[in-house]
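Me: I would like to learn how to read helix packing and sheet order in a model. Please take one feature at a time.

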Amino acid sequence: MGKERKRLPVGIENFEQMIHDNYYYVDKTGLISELIRNGGMVNLFTRPRRFGKTLNMSMLEHFFSIERDKSIFDGLKISKDAKQCEEYMGKYPVISVSLKGINAATYEGAFDFAVQIMKRAARNVQFLLESNSLSDYDKLEYKELLNSNMSESVFCGGLKILSELLEKHYGTKVILLMDEYDVPLAKAFENGYYDRMIFLIRNLLEQTLKTNNSLKFAVMTGCMRISKESIFTGLNNLKVLSITDERYDEYFGFTDTEVREMLKYYETEDHYEEIKSWYDGYQFGNVEVYCPWDVLNHCDRIKDHANVSPENYWINTSSNDAVRKFVQMSDNLTTKREIEKLLAGEEITKEIHQEMIYPEMYQSLENVWSLLFMTGYLTQRGRVDIKRYKLAIPNLEIRDIFQTQIMDCFKESVTKDGDTLSRFCNALKNGKEKNVEEIFESYLKKTISIRDTFVRKARKENFYHGILLGILGVKEEWYVSSNQETGEGYSDILIETENSEMAILIEVKYANDGNLYQACEKALRQVEERKYDEELRENGVDKILKYGIACYMKRCKVKLREESYIRKRSGYKKAEL
């Protein structure tokens with residue numbers, strides 16, 4: 001047994017819990033020092049999902065808050081700055097709210113959630129009811145914030161009132177933390193009440209941040225940088241710190257050094273390369289960072305089971321709508337080619353609009369490029385000029401999301417084109433190899449291909465194999481199965497046609513050198529070597545078609561070997577064809 005190690009904080013967003021319960025903590029307390037030194041009056045950090053925004057907000061809350069346990073910062077970077085700790089630690093009333101929960105199908109439902117959030121913020125400071133520094137009128141105003149029947153105007157002024165009352169009570173200005181400020185807008189846009197929600201959030205922010213003399217400073221986080229005109233009207237004291245900013249660039253996400261240290265601590269350094277290729281590759285400002293959510297999830301698995309393969313942990317935490325809509329919009333050839341270049345690990349240059357409003361996001365492809373960049377599906381590899389960036393897919397995980405969405409869209413298009421589908425299946429069944437080749441090639445030309453330069457050959461075969469399965473999966477009368485090998489891609493596809501009177505075996509090979517004929521021969525040899533015939537014959541299959549399919553870019557070659565069996569009392573004899 002090795003030494004007892006700290007647990008990995010998968011899904012832990014409360015800073016105090018992380019330290020007290022002895023979780024592994026990647027020290028981001030340098031953010032506090034930098035905020036004290038360089039922070040503005042209102043600071044908005046925009047980062048993609050799952051990059052540690054909420055945990056950082058919890059850390060700020062525990063550092064500045066009066067009557068919190070200061071010992072949780074012992075030994076962390078911030079504790080080395082005695083002057084800052086002396087002056088700021090535990091010295092301020094802090095109001096901390098998260099708008100993440102404002103998610104409902106209707107505006108009324110969303111407003112109910114918003115009221116709950118305001119009530120919770122008020123409930124946290126019930127000592128105000130006993131405060132000698134507050135007048136009876138102040139206390140009446142405070143009680144309104146505990147009321148479930150709160151009006152919109154009371155809600156919008158709620159955080160301002162709380163700040164004023166806390167300043168009166170403590171005799172010191174208040175720090176406001178607002179996490180995920182843009183979630184209510186995203187949900188409102190999805191559910192069709194955007195105009196009402198933007199009006200509500202704009203009023204809330206205006207009263208809280210613009211006309212609030214009780215504010216020391218505010219920190220907000222979100223995914224998107226919603227345009228100033230639509231939501232931050234007249235807010236001249238706003239400092240936006242986005243993914244292109246050099247300031248604070250290492251505080252969201254894990255740096256390479258931090259990941260190496262973590263792997264060393266858990267004695268899993270041999271997984272470094274796979275973690276780097278799957279979860280690294282985001283560039284924020286001048287720093288390359290890993291997605292912390294993925295690193296923590298994967299480390300948690302490999303410390304117990306060393307042989308687990310990397311997984312897509314992101315795909316389960318978000319809808320990936322942006323990628324799906326982007327693929328659906330990519331009918332024009334230019335965009336198709338651009339996506340192919342990205343999937344091949346190359347860069348493309350695009351103009352990025354960092355300020356947007358939700359209704360504009362899918363109005364043009366240009367805006368979708370910006371959306372993908374801001375939400376972490378694309379990252380920068382350098383700036384060309386003030387607005388144009390070199391964009392790339394950050395890593396294999398995000399590439400996998402693109403590939404999944406491309407395959408889903410492809411399957412949808414196959415389903416819509418029933419005529420081509422039945423011609424393809426008839427050609428397969430009737431042994432017309434030339435027709436199979438022609439139609440399969442037409443499918444390849446229609447879809448976005450994965451011409452891999454940065455992945456192993458086996459993964460390229462998976463793509464063509466996936467295209468075939470995508471087509472055949474729509475043919476409901478056939479039973480289609482695919483035997484998957486571990487690590488090195490897929491093996492044959494086995495099809496049993498209606499009533500199992502015939503079986504079709506297909507092996508797909510990628511012709512790395514472009515020699516389709518040779519790859520076809522190799523595929524057929526492989527089909528021969530896997531002796532599926534016996535099992536099929538026992539199931540009463542009299543005719544087997546064996547196909548070798550070789551692919552290279554958008555070209556393919558198909559070769560057929562056909563075998564029939566004559567039933568005899570003593571068993572089977574291969575028929576001469």
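The dialogue below goes through confidence, a helix pair and a sheet.

Reply: This is a predicted model, where local features need pLDDT of at least 70, side-chain atom pairs count only at pLDDT 80 or more, and totals for chains, interfaces and linings use all residues. Residues are numbered from 1 along each chain as its sequence is written, and side-chain values use heavy atoms, with hydrogens and water left out.

Me: What pLDDT does the chain average?

Reply: pLDDT is the predictor's confidence in each residue, from 0 to 100. The chain averages 89, and 93% of the residues score at least 70.

Me: How do helix 6 and helix 7 cross?

Reply: Two packed helices are described by the angle between their axes and the distance between the axes. Axes are lines fitted to C-alpha atoms over the stretch in contact, with angles from 0 to 180 degrees between N-to-C directions. Helices (H or I, at least four residues) and strands (E, at least two) are DSSP runs, numbered from the N terminus. Here the axes of helix 6 (residues 136–144) and helix 7 (residues 152–170) come within 10 Å and cross at roughly 140°.

Me: In what order do the 5 strands form the open sheet?

Reply: Strands of a sheet pair through backbone hydrogen bonds, either parallel or antiparallel. Two strands pair if DSSP finds at least two bridges between them. In this sheet the order is 2-3-4-1-6, with parallel pairing. Strand 2 (94–98) and strand 6 (238–241) are the edges, each pairing on one side only. The twist from one strand to the next averages 15°. Strand 2 pairs with strand 3 (residues 174–179) over 5 bridges, and Ser98 stands opposite Asp179 in strand 3.
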